[in-house]
Amino acid sequence: MSAEIFDKKTTIDLRKKHIGPSCKIFFSDDPLKIVRAKGQYMYDEKGQRYLDCINNVAHVGHCHSDVVQAGAQQMQLLNTNSRFLHDKLVLYAQRLQAKLPDKLSVCYFVNSGSEANDLALRLAKQFRGHKDVITLENAYHGHVSSLIDISPYKFQQLSDAEQNPFVHVAPSPDVYRGKYRANHPDPASAYANDVKDIIDKVHEKGGKIAAFIAESLQSCGGQVIPPVGYFQQVAEHVRKAGGVFIADEVQVGFGRVGTHFWAFQLQGEDFVPDIVTMGKPIGNGHPMSCVVTTKEVAQAFMSSGMEYFNTFGGNPVSSAIGLAVLEVIEKEDLQGHALRVGRYLTNQLEKQKEKHPLIGDIRGCGLFVGVELVRDRLKLTPATAEAQEVIYKLKEQHILLSADGPHRNVLKFKPPMCFAKEDIDLVVEKIDHILTELEKALGMKLANILNGGN
């Protein structure tokens, strides 16, 4: 268990102290001991502690006592399949829907992000009987067959795999490395027009668009932040073609971006998806997820005549845990914490960019931040090996970070939401030292990079 156990004297001392959101206390089986779990740390089998910079599943922190207690108490009382109605299911649906725009009012509870996205595709295809789906470059939406088909991040790894003819890939709205960059006068419209071109080509071949699906912020695709206005314009084109817009919030929802509860809200108040999917952070590691949609889409799904049933989706224990997660986010102001600490993280990383030629771009929102490493800031040559070296060196120093993106050169920060400023100071200091050694070995100097040298 990722926690620390203390004797009676330490217990008494701890009770006299204020314990902040990054440190929780709950009792162990031994009445003379308590367990203190610091939510941003993990421990190996030898008791070695690791700072967790990447675990967006343990959203409110590992072993959060409120979440653990809610699940344990409900399990002692009742856990059964969802054919049996239970108050917590209704209460949770109400609390969750209250966090969303009014238009999104029908909840389907399922058990994983993959299951949520698979159901979202079913809803979209049933809505008007259309089949074609538009996805983004480098997208990942889940591991089941229907989602591998719409996940270039996965299916492009298979050299002999044939792309599903009903799946169409639009350019990732990446303004750093993508087709239209930050110096473009209107990258949002340019990327949205590419989606419109795909729709036109589908129609020319007799196809019909069922859905456009995108992570509100691309995670596996390299921490990509779409330009504001992109989703609105894409939604307009897709809806005009009879399709729906699916926002995948599995990685980035529940206050992680800081300024908003949902990442799709970064696009502006005038944008509301037709379907939103949730997973990972929704249960703080407990297997649960949700699809929320409009009454119109839900009614079309019901009209198919095929009853939808999910054995454990929304079971009493999952509902209790989901409620506890929402309560912790509110009680500990974790959304506000993500905003404040996320800004501090971005500022500290920007200072490193001024020092290190290997850092090409810093981008993100709240506690969802990417650091793209490049060997050449003009050519944007991916520093893939260097990114892997940073990860390995950090792990040797008991810090867990990962790299992703199509070139595996983007360092990903998406830690538990209780991540603290002192944690940022530690990891940024270590990255500074590692990059300094790497650049020395490579003979890289910032002045040379800025002048076009390598």
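Biologist: Which residues make up domain 1 and domain 2 of the protein chain?

Modeller: The bounds come from an automatic or database domain assignment. This is a predicted model, in which local features need pLDDT of at least 70 and side-chain atom pairs count only at pLDDT 80 or more, while totals for chains, interfaces and linings use all residues. Residues are numbered from 1 along each chain as its sequence is written, and side-chain values use heavy atoms, with hydrogens and water left out. Domain 2 covers 65-331, and domain 1 covers 8-60 + 333-450.

Biologist: What area is buried between domain 1 and domain 2?

Modeller: Contact means heavy atoms within 4.5 Å, and 40 residues of domain 1 touch 38 residues of domain 2 in this way. Buried area is the accessible area (1.4 Å probe) that two parts lose on being put together, summed over both. Carbon and sulfur atoms give 56% of the total, which is about 3,100 Å².

Biologist: Which side chains meet in the salt bridge between the domains?

Modeller: A salt bridge requires a side-chain nitrogen of Lys or Arg within 4 Å of a carboxyl oxygen of Asp or Glu. Between domain 1 and domain 2 the count is one. At 2.7 Å, N to O, the partners are Arg177 and Glu372.

Biologist: Why does the salt bridge of Arg239 and Asp274 tie together parts that are apart in sequence?

Modeller: The side chains of Arg239 and Asp274 meet at 3.0 Å, N to O. Helices (H or I, at least four residues) and strands (E, at least two) are DSSP runs, numbered from the N terminus. Arg239 belongs to helix 8 (residues 230-240) and Asp274 to the loop between strand 10 (244-248) and strand 11 (275-278), so the parts joined are 35 residues apart in sequence.

Biologist: In the open sheet 4-5-16, which residue of strand 16 is the bridge partner of Leu51?

Modeller: Two strands pair if DSSP finds at least two bridges between them, and the pairing in this sheet of three strands is mixed. Strand 4 (41-43) and strand 16 (399-400) are the edge strands, each pairing on one side only. Strand 5 (residues 49-52) runs parallel to strand 16, joined by two bridges. The partner of Leu51 is Ile399.
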